[in-house]
Amino acid sequence: MQHISKLPKVGTTIFTIMGNMTKRHKAINLSQGFPDFEMDQELIALTTQAMQSGYNQYAPMPGHLELREAIAEKFESLYNTSYHVESEITITAGATQAIFCIISAFIKPNDEVIVFRPAYDCYEPAIMLNGGKTISIALESPHFKIDWTEVTSKINHRTKMVIINTPQNPIGTIFSKADMLQLQELTKNTNIIVLSDEVYEHIIFDGETHQSVCLFPDLKSRSFVVASFGKTFHITGWKLGYCCAPKDLMDEFRKVHQFNVFSVNHPTQRAVARYMQEPRHYQALPGFYQEKRDLFLSLIADSRFTFKPSKGTYFQLLDYSAITEEPDVDYAKRLTMENKIASIPISVFYNKPSNSKVLRFCFAKTDDTLKRAAEILNTI
């Protein structure tokens with residue numbers, strides 16, 4: 001049989017490639033974005049309790065009500081804004097499923113979607129599958145600042161959506177209040193939808209404040225907020241997330257969601273709802289991860305790698321231009337094979353060739369893992 005691929009340029013993701021190389025060469029894995037330390041045993045106990053209490057059948061399509069209520073309370077507490085638990089909050093099978101459903105619900109053939117690169121790799125395939133066109137705005141190393149004049153020049157009658165990610169994976173930058181006000185002004189009085197990927201909202205450093213789209217009234221009226229319990233509670237394997245949006249947008253989202261997964265793992269929803277009754281579980285994250293960032297950077301301060309400290313996420317970029325002129329994909333593979341430490345090359349997150357000599361390292365690891373990794377990096 002012969003088939004015409006709907007994603008002809010899409011192959012195996014860099015995460016799978018580097019993950020397989022890490023196992024094959026027994027390297028320290030600072031490539032993929034997941035912790036190597038244990039989750040809170042309290043959350044395991046709450047999940048077991050939920051299972052034993054009968055929460056083992058389908059959850060409601062929008063999500064377990066108690067969890068949606070906990071999310072609504074969090075937005076009231078952190079951002080002084082509200083989302084209706086019945087019509088404006090939906091629990092999803094991770095943030096990636098939420099992103100795919102949002103794009104599928106609104107993007108039609110020839111619609112244009114603005115994406116800031118380097119960008120997380122799930123955005124463009126979803127746009128392509130729905131016949132849309134990605135309009136890329138490149139953010140260049142080392143500062144990765146947004147040129148809003150360029151953004152303005154890319155907006156036209158075909159622009160249907162703008163996707164933002166703050167704090168931004170893979171580069172660890174954040175959108176400032178000024179950035180959000182610029183975005184709000186550009187999209188005001190248009191039909192443009194904003195998809196705001198905020199999965200690292202609680203992992204932000206140096207006293208900075210997360211600038212969620214929900215803090216800006218006009219942006220909120222046209223935006224989806226996408227979030228991840230996996231990133232927040234160290235449970236990436238549970239694939240549990242959610243999205244929030246005004247009712248008119250959420251109604252369209254649920255039309256796709258109900259035929260995509262319909263509902264999400266019920267006992268884990270019940271457990272997270274109970275777990276969120278203690279806000280300290282997410283309030284402590286900035287300090288927790290800043291300690292890990294600072295430890296990692298202090299350990300490699302005398303290495304040949306250069307860096308600007310990450311402002312958010314649990315990723316740190318390291319510039320290796322003082323070490324070799326190799327392309328970043330080649331160097332990342334060689335580091336894994338020869339030095340037994342795995343990272344992610346940044347060029348794969350652009351849609352054009354990039355000469356940046358930058359690799360992404362994950363510091364959501366035990367202190368022992370970070371110390372062993374630093375020992376290797378300091379010898380290079």
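Helix α3 (residues 65-79) packs against helix α11 (residues 266-275) at an angle of about 35°, and their axes lie 8 Å apart. Helices here are DSSP runs of H or I with at least four residues, strands are runs of E with at least two, and both are numbered from the N terminus. The axes are lines fitted to C-alpha atoms over the stretch in contact, with angles running from 0 to 180 degrees between N-to-C directions. The crossing of α3 and α11 is left-handed, a term for a near helix turned anticlockwise from the far one by less than a right angle. On the α3 side the contact (heavy atoms within 4.5 Å) is made by E66, L67 and A70, and on the α11 side by Q269, R270, V272, A273 and R274. These residues divide into four nonpolar, one polar and three charged. In this classification Ala, Val, Leu, Ile, Met, Phe, Trp, Tyr, Cys and Pro are nonpolar, Asp, Glu, Lys and Arg are charged, and the others, Gly among them, are polar.

The model is predicted: local features need pLDDT of at least 70 and side-chain atom pairs count only at pLDDT 80 or more, while totals for chains, interfaces and linings use all residues. Residues are numbered from 1 along each chain as its sequence is written, and side-chain values use heavy atoms, with hydrogens and water left out.

Helix α3 also holds R68. This residue is buried, with a relative accessible area of 4%; buried means under 20%, exposed over 50%, and partly exposed in between, for a 1.4 Å probe and protein chains only. Leaving aside residues up to four places away in sequence, R68 touches P62, G63, V85, E86, I89 and I91.

The structure has two cavities of 30 Å³ or more. A cavity is a set of points, on a 1 Å grid over the protein atoms alone, where a 1.4 Å probe fits but cannot get out; lining residues have an atom within 4 Å of a point. Points are joined across faces, edges and corners, and the volume is the space filled by probe spheres set on them.

The largest cavity holds about 50 Å³ of space. Strands β3 (112-117) and β5 (159-165) each supply at least two residues of its lining, and β5 gives the largest share, three residues. Among the lining residues are V115, F116, I163 and I164. By class, the lining has nine nonpolar, three polar and no charged residues.

The second largest cavity holds about 40 Å³. Its lining includes K74, E201, H202 and Y282, and comprises five nonpolar, three polar and two charged residues.

Note on methods:
On a 1 Å grid over the protein atoms alone, a cavity is a set of points where a 1.4 Å probe fits but cannot get out, and a pocket is an open set with protein on both sides within 12 Å along at least five of seven lines; lining residues have an atom within 4 Å of a point.
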